[in-house]
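Please consider the following note on the structure shown below. It is arranged as numbered points.

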Amino acid sequence: MTQAPPISEEVAKSPLAIHGLTVSYAHHPVVHSVDFVTPPGSLTAIVGPNGAGKSTLLKAVLGITRRLTGEVRVFGEPVEAMSRHVAYVPQRSSVDWDFPATVIDVVTMGLFRDLHWWQLTRRHHRQRALESLSRVGMEAFADRQIGQLSGGQQQRVFLARALTQQAELTILDEPFAGVDAATEKAIVEVLKQLKREGRTLLCVHHDLATVRDYFDHVLLLNVRRIAAGPVDEVFTERNLQATYGGRLSAVQLARLLEPADVAHAGSGR
Amino acid sequence: MMETWWLALTFRLGYNTSLVTVGTMLLGAGAGMIGTFVLLRKRSLISDAVSHATLPGLALAFIIVGLIQGDGRWLPALLAGAALSAAFGLWAVQVISERTRLGEDAAIGAVLSTFFAFGVVLITVIQSMSVAGQAGLTGYLVGATAGMLAAEAQLIALCALGVLLAIVVMRRDFLLVCFDADFARTQGVATGRVDLAMLMLLMVVVVIGLKVTGLILIVALTIIPPVTARFWTDRPMRMVALAALLGALAGYLGVTLSSVTEGLPTGPLIVLAAFALFFVSMLFSSQRGVLAALLAYQRFRRRVHLRQGLLALARDEPIFDNLTLKILRRQGYLRRDGVPTLPGRAAARDAEHEERLWALYREREPEDALQQEHSGLTPIAEVLSPDAIMALEAELPPTAEVRG
């Protein structure tokens, strides 16, 4: 191994620093040479059109999908050694909800690293899982079969599972896709709460209209990094047009960029 | 007959039979446990490929041992040969499904039949050889525990015990990979290795099951107990434990039955016992059973009729439905001539009140109301706390004429 290059202080402090990340499916790069340093304590949206590689970027960061090139560091250390500090909320559709498990069973899976094989799941483990459930407003459903949950409830259960990990960084893949309005509100509340606790959140987001409301940082992505930084600076007409290849209409843009109007704006798709 | 079976059931039919029974029960438990995980990973068919792929290895081992010592029957070598060719078969399935556009099921079909065909050819060759014990080989097709040596039974029991321990150690990794492999990877689980471990344990179960149930039927022991367990529980670890119990029970019943008379095949009897347990569960399971579903449907139907009838009484609407009338009469709410009784009037008032509370609740908290089961038919007192109901009642408009 060659001498590791010196790490800048910004990278050493960042809960997630990505450098030169490329992912490709059979000679076709879906994420190309992306650099991004997540500011500590930020609530960041990853925004881009369909097929822009948003979910793939997350999966490559988490080691679910193989990286072709690039480095991923968590607080300056390689992500593989630091995965304990990273929680993941996958898309709801990624699992079979007919699986024989109750809500508490799924949430307890977030304690996987704390449980050795000779240990039984004890009352204080269950307590920790119940606390996470109550944070997402689902404590009454602890013993419900997961197949009986609505889409929004399933998403809340996944969020609760991530909460039990008490990780510094939480990565979410479209947590608002196909959930009811009340769930969306509840999830946003939890995310903002985590941010207030000083934790960092990175979230693939598809609804342009709510970016300003929910997030403080944004990464605009379309295979390559288009722009990244605080929402006020980066979420501009020029950058959005560059990300979406001019596919956004003038009306859509006008709505997105006037903060006063945001509350009344519809979906930005 | 029955007496012999009773002796076998109570472990009084000699040391060897008892040892075989214990070994078979451990095998059944191991098969049920690993079978549950394989089922939850949606790879049940792979055990079919594993079992059929054992035949050529088994036959080759028999030929080699036979050429060396004149008699091919030496269980450790036969099992080792079976394991080797099963591993080769698994590898072939893996390569075909990864490197080509074929799905895993197609790969399993191709590998299973090819290996089995090769094995059958080898067995025909063995029949023409001048080695002892050729007839014993067919026992590996349908299982034969009669005349099993104590050392053989011990080997099977020990391997099964090893499988059980390995599953207990790896249970959480298995569960995580079965439910959500991507999430498992973020937890530092090497999912590829966990899958491999699962298949290896399955292979051990299949191989040591060869002598007991035979290679054609061992699949049943890895599939039927888990499916039976699913009828009784909605929780993963309980399903694993139940499948172990059911597998052990099937093994116990089958192997003791087969010792009743000379020549009864062990494998088919074990599988039939497993199926009997499955059938009983399918009928009588309290959650997913056929009868429970029928009863629950009837109960629900009666409740709907009762509620509709009471509401009609409260609103002085005529009732035409015969079942509704019958239910109201049987409850003592309605006289033969169709006039509501005093308790009937009271119940109707209650139902109307309940209905209005639900309507108001649905209006105020649509989200919460939707989450409650049988929304509107469960007594609202089971869903809301007393203070919440009081608050709702305070808001109810005084007159009954609210709905259109």
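1. The model is predicted: local features need pLDDT of at least 70, side-chain atom pairs count only at pLDDT 80 or more, and totals for chains, interfaces and linings use all residues. Residues are numbered from 1 along each chain as its sequence is written, chains are lettered from A and ligands numbered from 1 in the order in which they are written, and side-chain values use heavy atoms, without hydrogens and water.

2. A surface patch of positive charge brings together B:Arg301, B:Arg302, B:Lys326 and B:Arg330. Patch members have over 30% relative accessible area and no salt bridge, and like charges are joined within 9 Å; a salt bridge is a side-chain nitrogen of Lys or Arg within 4 Å of a carboxyl oxygen of Asp or Glu. In chain B, helix H13 (290-314) and helix H14 (322-330) each supply at least two residues of this patch; helices are DSSP runs (H or I) of at least four residues, and strands (E) of at least two.

3. B:Lys326 belongs to helix H14 of chain B. Its relative accessible area is 43%, so B:Lys326 is partly exposed (buried is under 20%, exposed over 50%, partly exposed in between, with a 1.4 Å probe and protein chains only).

4. Over all chains there are 14 aromatic pairs (ring centres within 6.5 Å; planes under 30 degrees apart are stacked, over 60 edge-to-face, the rest tilted). The A:Trp117 and A:Trp118 pair is edge-to-face because the ring centres are 6.1 Å apart and the planes lie at 85°.

5. A:Gly198 sits in the loop between helix H6 (181-196) and strand S8 (200-204) of chain A. A:Gly198 and A:Ser42 are 156 residues apart in sequence, with 8.1 Å from C-alpha to C-alpha.

Note on methods:
Patches are made of residues with over 30% relative accessible area and no salt bridge: like charges are joined within 9 Å, nonpolar side chains (Val, Leu, Ile, Met, Phe, Trp, Tyr) within 5 Å. Accessible areas come from the Shrake-Rupley method with a 1.4 Å probe; for residues, only the protein chains shown count as cover. Lys and Arg count as positive and Asp and Glu as negative; His and the chain ends are not counted. The place of a charge is taken as NZ of Lys, CZ of Arg, CG of Asp or CD of Glu. Rings of Phe, Tyr and Trp (its six-membered ring) pair if their centres lie within 6.5 Å; planes under 30 degrees apart count as stacked, over 60 as edge-to-face and the rest as tilted.
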